[in-house]
Amino acid sequence: MTSKSLFFKWMREDIRHRLWALALSFLAWFFIFPVRMALIPGDYEDFDGLMAKQQMAVRAEGWFALDNGFVIFVMLVGAILLGASSFSYLHSKKKVDFYHSLPVRRELLFAVNFLDGILLLFVPYLLCALAGAAQAMVFGARPAILFWNIAQSLGFHLVYYLLLYATVVIAMMMTGNLFLGLLGTGVFFFYVPMAAILIEGLFSTFFDSYVYGSVQTGWGNWISPVSAYFMSLENLPFRNVEGGSYPILPWGRLWMPLLCALLLIGFALWLYKKRPSEAAGRAMAFPLSKTPIKVLLVLLTSLGGCLIFAVIRDTLSWMLFGLLFTAVFVHSLIEILYHFDFRKLFAHLGQLACCLLVVCAIFFAFYLDLFGYDHYLPKSEELESAAISSYGQDSWVSYWFFQRNKEGELEQNWESNVYEYAKEHMFLEDKETALALAQIGVENLGKEREEEQEYIQVRFCYRLKSQKEVERQYRIPVDDAWEENYSKLADSAQFKDGKYPLLQQSSEDIYRMQVKFHEGRVYGKVEINEEDIAELLAVYQKDFYALTVEEQKEEVPIGSLSYLPVKDLGDRKVFEREQKERNDDWSQQIVEGDADNDVIPYPIYASFQNTIEWLKQHGVDESAERWQPDICRVTRWYDEENQMYSEPEQVEALYEAAVPNEYCYLNDWMEYNSDWEGEFEKQGETNRKQTYQFREDKLPEFLQ
């Protein structure tokens with residue numbers, strides 16, 4: 001009983017000395033909850049009565065959800081202020097002597113001060129949140145949703161506040177000065193994420209074949225309590241209720257941060273018991289921690305300084321200067337802070353020399369590629385499969401799809417970019433050809449770029465039999481060797497599976513499919529019936545798998561097949577009704593098929609006989625109404641010189657070489673003349689005009 005009485009007596013006494021913190025906490029939460037709730041009705045003055053009430057209710061309910069950014073900001077600031085103030089007496093010799101002379105166990109003192117730092121923030125938070133919820137219920141917010149959101153938020157923010165707060169307390173325990181304690185808090189919060197960024201920077205700066213993100217540094221964000229706090233809000237599931245959608249907290253996600261917080265609290269208590277009373281006023285409370293902290297900071301900052309100077313001037317001398325200058329400067333600054341004496345600028349020169357040796361060794365390991373990162377190539381017997389992708393070839397391929405968001409709106413999402421899609425879907429079995437192509441890239445590393453030579457950036461993912469994935473990228477000259485190896489791979493079914501999403505597309509997730517042929521004029525698109533989409537898709541996929549690079553060098557597309565992907569489409573009639581109810585122009589265009597820019601086109605070649613035959617059987621004939629123009633106007637791009645041809649032989653020759661602009665980009669293997677574009681007409685017709693490019697291999701001599 002005496003112990004409990006003493007505990008609460010110390011709590012009251014501590015809170016009395018920190019009324020400023022209580023006042024700030026109440027003020028912050030008062031503005032975030034009751035004041036904000038009072039402002040909501042004013043946002044809907046121009047709305048109709050029923051609509052205004054519904055909108056206000058949803059707005060209020062969402063304000064109490066766990067992803068409220070204002071709440072997160074107050075938690076971060078509160079953890080720093082209350083963590084620093086809870087044990088601020090440890091930085092004063094007089095206060096430490098007073099507290100430690102009292103006949104009270106240190107565990108009780110720690111518990112009182114630590115617990116008050118939680119109550120001073122969360123009691124006002126809960127009271128103001130309940131007051132705001134009462135206001136929200138006045139204008140129609142549903143109590144069940146309000147209190148469900150408040151309970152989730154309370155549990156979520158409490159766990160991460162404990163993590164942040166305990167980290168700040170540890171920083172205060174390890175220092176004898178408030179300023180250094182705050183610096184230590186910054187180090188504990190951000191050192192590991194900055195180290196992860198530094199590792200990424202070193203690889204991307206010194207290795208030409210490095211693929212950004214291939215070094216796994218995401219773990220750094222989870223070790224920092226701040227970044228872990230923010231990352232925990234990503235990819236939360238949502239609960240859809242009438243009129244709104246609110247994040248759901250998977251309570252299982254909290255056990256790890258809670259466990260870490262409890263371990264940090266235990267470590268803070270251990271430090272408090274071990275902390276000598278005479279540490280007040282010193283730079284560091286524990287002398288043994290000085291050297292490790294100093295070395296870690298010097299290593300991080302000196303390598304960071306090297307990268308900064310590499311951006312300023314990418315030369316060995318400037319990078320070494322940045323490395324050495326930053327190492328000496330930071331080491332000297334830390335010594336000054338440790339001793340509070342400028343005369344200690346070059347104290348512990350031996351430690352400085354060791355730091356310089358270590359950072360120079362790390363620098364030259366990257367600069368000289370001592371471990372052979374750039375020139376790595378797996379052996380064929382080590383390789384299970386490979387994936388390759390290039391951003392310069394088949395750039396017309398799209399990887400987006402539509403998906404309904406939590407409000408029911410259609411939005412564009414991307415499965416991935418061309419490289420990520422290839423990593424997930426491409427499993428090349430022709431390992432020798434893939435390695436031969438990679439060898440060309442390795443041989444060109446470090447070579448100067450030739451002005452007249454065209455290059456292409458190619459990325460590789462080697463899947464080893466050891467279950468390890470190795471990623472590299474190379475700048476490869478576009479020559480016969482590249483074309484021979486790349487073409488061989490591009491003809492394989494495994495390559496196409498990892499390059500063209502339509503080959504992996506399910507007909508169940510295609511809302512619309514259209515076909516359009518072009519023979520001189522723009523024909524209207526032909527809509528494929530819903531029940532025929534699966535059949536046409538299978539026929540087209542069969543033709544596309546049989547397509548070769550050699551055929552693409554000779555043929556140009558004669559038409560296009562376009563589709564509109566909607567992931568998790570479900571019942572089409574329900575989908576159409578939802579979009580029509582939205583009553584906006586864009587949704588109407590999607591449903592009515594008027595949004596030409598919101599479909600993904602694929603080429604149809606003359607060699608696609610299965611596709612063409614299927615279309616003919618279903619009333620779509622690409623050869624119908626052969627159009628013969630009798631006038632061609634040709635314009636030279638760089639000076640806009642115009643020439644008109646009307647002689648039948650000349651018009652026919654130009655027409656044979658012409659390719660509609662809308663199909664040119666669907667075939668990157670075809671070479672087009674970069675000087676001229678044409679426009680064909682037929683006298684007496686007022687059809688919509690179409691511009692053309694000309695094939696280089698068929699360009700008439702009179703135009704050349």
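**Strands, bridges and spaces**

Analyst: Strand 8 and strand 10 (residues 559-565) run antiparallel, joined by 7 bridges. The model is predicted, so local features need pLDDT of at least 70 and side-chain atom pairs pLDDT 80 or more, while totals for chains, interfaces and linings use all residues. Residues are numbered from 1 along each chain as its sequence is written, and side-chain values use heavy atoms, without hydrogens and water.

User: What is the strand order of the open sheet of 4 strands?

Analyst: Strands are DSSP runs of E with at least two residues, and helices are runs of H or I with at least four, both numbered from the N terminus. Two strands pair if DSSP finds at least two bridges between them. Strand 9 and strand 11 (600-604) are the edge strands, each pairing on one side only. The pairing is antiparallel, and the order is 9-8-10-11.

User: Which residue is the bridge partner of K516 in strand 10?

Analyst: Strand 8 and strand 10 are joined by 7 bridges. Strands of a sheet pair through backbone hydrogen bonds. In strand 10, the partner of K516 is S560.

User: Which residue forms a salt bridge with K516?

Analyst: A salt bridge here is a side-chain nitrogen of Lys or Arg within 4 Å of a carboxyl oxygen of Asp or Glu. The N to O distance for this pair is 3.3 Å. One partner lies in helix 25 (residues 661-664) and K516 in strand 8, so the pair ties together parts that are 146 residues apart in sequence. The residue is E662.

User: Is R512 buried or exposed?

Analyst: Buried means under 20% relative accessible area, exposed over 50%, and partly exposed in between, with a 1.4 Å probe and protein chains only. R512 makes a salt bridge with E527, at 2.8 Å from N to O. R512 sits in strand 8 (residues 510-517) and E527 in strand 9 (residues 526-527), 15 residues apart. E527 is partly exposed at 39%, whereas R512, at 7%, is buried.

User: How far apart are the closest N and O atoms of E13 and R16?

Analyst: Both residues belong to helix 1 (residues 2-17), and being 3 residues apart they are separated by about one helical turn. E13 is partly exposed, with a relative accessible area of 32%. The closest N and O atoms of this salt bridge are 2.5 Å apart.

User: How many salt bridges does the count come to?

Analyst: R105, E107 and K273 are linked in a network of salt bridges. By the rule given above, the count comes to 14.

User: Which residue stands opposite R633 in strand 13?

Analyst: Strand 12 (residues 631-636) and strand 13 (residues 642-645) pair in the antiparallel sense over 4 bridges. Their hairpin has 5 residues between the strands, where E640 takes a positive phi near 60 degrees. Opposite R633 stands M644.

User: Which helix gives the most to the lining of the largest pocket?

Analyst: On a 1 Å grid over the protein atoms alone, a pocket is an open set of points with protein on both sides within 12 Å along at least five of seven lines; a cavity is a set where a 1.4 Å probe fits but cannot get out, and lining residues have an atom within 4 Å of a point. The largest pocket holds about 610 Å³. Among its 29 lining residues, F188, W222, I223, P225 and L264 are the closest to its centre. With 6 residues, the most comes from helix 7.

User: What is the volume of the largest cavity?

Analyst: Grid points are joined across faces, edges and corners, and a volume is the space filled by probe spheres set on the points. The whole structure has 2 cavities of 30 Å³ or more. Lining residues of the largest cavity include D394, Y486 and W669. Its volume is about 50 Å³.

User: What is the radius of gyration of the protein?

Analyst: The protein has 25 helices and 16 strands. The globule rule, 2.2 Å times the number of residues to the power 0.38, is compared with a radius taken over C-alpha atoms. For 704 residues the rule gives 27 Å; the protein is well over this, so it is more spread out than a compact globule, with a radius of gyration of 34 Å.
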